[in-house]
Amino acid sequence: MDKILFQEKQKFTQWWLWLILLVPTLYILYKLLGPLFEGQAAQHYGNYSLSLAMPTGSWLALLILVLILFFMFFMTMSTAVDIKKIEVRHLYFIKKEWYWSDVESAEIIEYGFVGYGIRISINHGTV
């Protein structure tokens with residue numbers, strides 16, 4: 001890549017988003033492991049078997065939430081502009097390039113949408 005004129009990396013760093021993701025995960029984890037720490041599983045079953053204390057569906061829900069957290073933590077979108085092209089990388093495997101020689105027009109615009117990713121706008125085209 002030639003000399004970079006502009007570069008930006010976007011990540012999910014909003015505290016409220018992580019609160020939304022972490023609260024259900026911690027709640028399910030508490031519900032799954034709580035009986036083990038309170039001794040209820042040992043009283044009912046005579047041992048600390050995780051399979052007896054927790055239903056399989058709960059483990060599946062926890063696994064899905066942990067995978068979502070892991071995915072969101074490492075997900076980034078990076079944009080780089082140099083004298084030859086604009087390059088966007090998203091989700092580790094999506095890479096898109098636009099060469100300046102193929103671009104008909106480009107301008108800096110103010111648009112009302114706030115968010116991440118590549119957007120197709122009726123008024124502005126690809127944003």
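## Asp-82 and its surroundings

In this predicted model, a polar atom of the Asp-82 side chain lies 2.7 Å from the backbone nitrogen of Lys-85. Asp-82 belongs to strand β2, which spans residues 76–82.

Asp-82 is buried, yet it has no salt bridge. The nearest side chain of opposite charge is that of Lys-85, at 5.3 Å.

## Asp-2 and the segment before β1

Asp-2 is located in the segment that precedes strand β1 (4–11). Leaving aside residues up to four places away in sequence, Asp-2 touches Asp-82, Ile-83 and Lys-84.

The C-alpha atoms of Asp-2 and Val-81 are separated by 9.2 Å, although the two residues are 79 positions apart along the chain. Is Asp-2 buried, partly exposed or exposed? Its relative accessible area is 29%, so Asp-2 counts as partly exposed, because this class lies between the 20% limit for buried and the 50% limit for exposed residues.

## Overall architecture

The secondary structure of the protein chain consists of four helices and six strands. Along the sequence, these elements follow the pattern β-α-α-α-α-β-β-β-β-β.

Of the 127 residues in the chain, 24% count as buried. Among contacts between residues at least 6 apart in sequence, 48% join residues at least 24 apart. The chain exposes about 9,900 Å², of which carbon and sulfur atoms supply 64%.

## A nonpolar surface patch

Which residues form the nonpolar patch on the surface? The patch is made up of Phe-70, Phe-71, Phe-73, Phe-74, Tyr-92, Phe-93 and Ile-94, and together these residues have about 800 Å² of accessible area. Helix α4 (residues 56–74) contributes the largest share, with four residues.

One member of the patch, Phe-70, is found in helix α4. Phe-70 counts as exposed because its relative accessibility is 55%, and the exposed class begins over 50%.

Terms used:
Residues are numbered from 1 along each chain as its sequence is written. This is a predicted model: local features need pLDDT of at least 70, side-chain atom pairs count only at pLDDT 80 or more; totals for chains, interfaces and linings use all residues. Side-chain values use heavy atoms; hydrogens and water are left out. Helices (H or I, at least four residues) and strands (E, at least two) are DSSP runs, numbered from the N terminus. Buried means under 20% relative accessible area, exposed over 50%, partly exposed in between (1.4 Å probe, protein chains only). Lys and Arg count as positive and Asp and Glu as negative; His and the chain ends are not counted. A salt bridge is a side-chain nitrogen of Lys or Arg within 4 Å of a carboxyl oxygen of Asp or Glu. A polar contact is a pair of N or O atoms within 3.5 Å; within protein, one must be able to donate a hydrogen and the other to accept it, and residues adjacent in sequence count only if both atoms are side-chain atoms. Contact means heavy atoms within 4.5 Å. Accessible areas come from the Shrake-Rupley method with a 1.4 Å probe; for residues, only the protein chains shown count as cover. Patches are made of residues with over 30% relative accessible area and no salt bridge: like charges are joined within 9 Å, nonpolar side chains (Val, Leu, Ile, Met, Phe, Trp, Tyr) within 5 Å.
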